[in-house]
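Here's a quick briefing to read alongside the model. Have the sequence and the 3D view open as you go.

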Amino acid sequence: MGKDVSDRTFSREDRQRYREKVQRCLDALARMLTDDVFSFPQQQMGLEIELNLVDEKLRPAMANSEVLEKIDDPSFTTELSQHNLEINVPPRPLAGNEAVDLERELRTTFDNADTKAKDAGAAIVLIGVLPTLRREHFDPRWLTSNRRYTVLNDEIFAARGEEMVLHMEGSPMPGGEPERLRSYAESILPEAACTSVQLHLQVQPDDFAAHWNAAQCLAGVQVALAANSPFLLGKALWHETRIPLFQQATDTRPQELQNQGVRPRVWFGERWITSIFDLFEENVRYFQGLLPVIDDEDPIAELAAGRAPQLSELRLHNGTVWRWNRPVYDLVDGVPHLRVENRVLPAGPTIVDVLANAAFFYGAQRALATQERPLWTQMSFQAAEENLYSGARHGMGAQLYWPGIGWVPPDELVLRRLLPMAHEGLRELGVADAARERYLGIIEQRCVARRTGSSWQRETVAQLEQRGADRESALIGMLRRYIDLMHAGNPVHTWPVW
């Protein structure tokens with residue numbers, strides 16, 4: 001989705017040519033998979049973290065262009081809304097003490113960026129959904145001034161033909177009743193409220209299906225363990241409100257198409273796969289092109305000339321189908337490779353929590369992907385999808401299905417089954433014992449404490465309201481304390497509530 005889009009409208013001919021070109025790209029990918037032309041020098045990880053900007057009153061600061069100028073670091077870039085930034089971490093090996101080194105680097109980079117952001121009257125916050133967002137912050141004028149965002153917004157609304165509807169019922173606050181949200185939006189900016197962490201893992205083509213299936217199995221556990229998005233537009237909603245919000249904010253389907261079972265563009269999927277080709281082929285078969293931009297490359301001719309094609313149209317189309325575990329085709333110095341992009345995690349609460357979430361995912365994914373009897377042969381795909389929504393709605397209070405155990409809370413599932421597997425998976429990946437014990441130890445203690453970013457936010461707001469604060473004041477007070485603890489850097493399971 002980083003590709004620039006020209007300042008023009010798209011004709012019927014553009015869309016027809018784009019459909020044909022995407023199919024030609026798909027044919028080229030099939031040949032490449034058959035011929036095994038992909039690079040795999042070593043197991044590498046990558047990381048993207050989306051960030052929020054706030055002003056001195058802790059409201060969204062619509063200042064990303066000015067903040068980027070102050071930061072002056074190419075690893076930072078814009079995101080959809082003017083109150084968003086993103087940091088892209090260059091790929092690196094998983095083995096050794098790389099995670100510990102990365103934690104140190106990220107802390108320094110984050111602190112330096114926050115200091116420079118203050119020169120622009122802003123501060124950076126690592127959180128899944130900024131709790132001080134209001135409806136006016138979804139006004140189209142707050143789209144980042146990049147043509148691709150405007151065109152994407154226009155195309156989604158043209159396909160939908162009406163306003164976006166945001167609607168969900170929350171998990172009750174401590175001692176409270178479920179709260180409900182029903183709101184309308186005239187832009188896709190509610191998507192910008194969903195600030196996430198994206199984990200990338202480079203894999204060999206023959207191993208892709210096992211790693212993707214394993215990631216799908218883990219999605220519900222991940223969001224339950226890492227939930228950090230409980231508030232939206234003043235309402236206490238899901239523990240990980242990003243999950244339903246992202247789907248609703250990019251939904252090209254009016255109600256009638258939803259009733260017919262047409263697939264949403266934010267999609268868990270519908271089956272276990274046997275090849276990465278399955279996912280790209282589903283994208284092409286089920287989803288219309290939102291941004292039908294065509295280049296001059298003939299991918300088949302590039303292959304015939306002994307060069308790896310860019311597959312620009314297929315990659316751009318893939319960027320407008322927001323799978324929670326997305327397939328990625330990319331090139332570095334003209335050499336192609338494949339990645340699994342895991343997209344279920346929220347940002348924050350701290351850098352060390354982000355690294356702990358990553359270590360758990362990579363370790364458990366590795367262990368599941370290399371089992372003699374794959375877990376997904378014992379578990380329906382629908383059960384994995386239900387786990388995602390249960391974990392997102394209820395956090396540590398969810399009940400998740402797991403083969404051989406049945407229905408179990410996420411903390412019990414992790415402590416009994418998945419944490420030992422994650423340890424073994426990281427050992428197999430060559431991760432140093434100190435790094436493995438540091439980050440998986442945080443996951444263990446989070447499960448013991450049953451404390452996530454979401455539960456801390458909810459409990460803190462509940463206490464402030466019990467002391468007489470209204471919801472808006474309680475959210476601001478909670479966020480101020482959150483930011484202090486975020487900068488202190490201790491993992492969220494140690495955060496006090498008062």
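Predicted model: local features only at pLDDT ≥ 70, side-chain atom pairs only at ≥ 80, totals over all residues.

Residues are numbered from 1 along each chain, and side-chain values use heavy atoms, leaving out hydrogens and water.

**Around Gln202**
- Gln202 is buried, at 7% relative accessible area (buried is under 20%, exposed over 50%, partly exposed in between; 1.4 Å probe, protein chains only).
- A polar atom of the Gln202 side chain lies 3.1 Å from the backbone oxygen of Ser39.
- Beyond its neighbours within four places in sequence, Gln202 has contacts (heavy atoms within 4.5 Å) that include Phe40, Pro41, His337 and Arg339.

**Helices α15 and α16**
- Helix α15 (residues 453-466) packs on helix α16 (residues 471-488) at about 130°, with axes 9 Å apart; axes are lines fitted to C-alpha atoms over the stretch in contact, and angles run from 0 to 180 degrees between N-to-C directions.
- Among the residues that meet are Trp456 and Leu464 from α15, and Met478 and Tyr482 from α16.

- Gly348 and Pro349 are joined by a cis peptide bond, with omega about 0°.
- Asp72, not a glycine, has a positive phi of about 50° and is exposed at 66%.
- Arg450 also isn't a glycine, yet its phi is positive at about 55°; Arg450 is partly exposed at 38%.

Definitions and conventions. Helix = DSSP H or I, 4+ residues; strand = E, 2+ residues; numbered from the N terminus. Polar contact = N/O pair within 3.5 Å; in protein donor to acceptor, adjacent residues only side chain to side chain.
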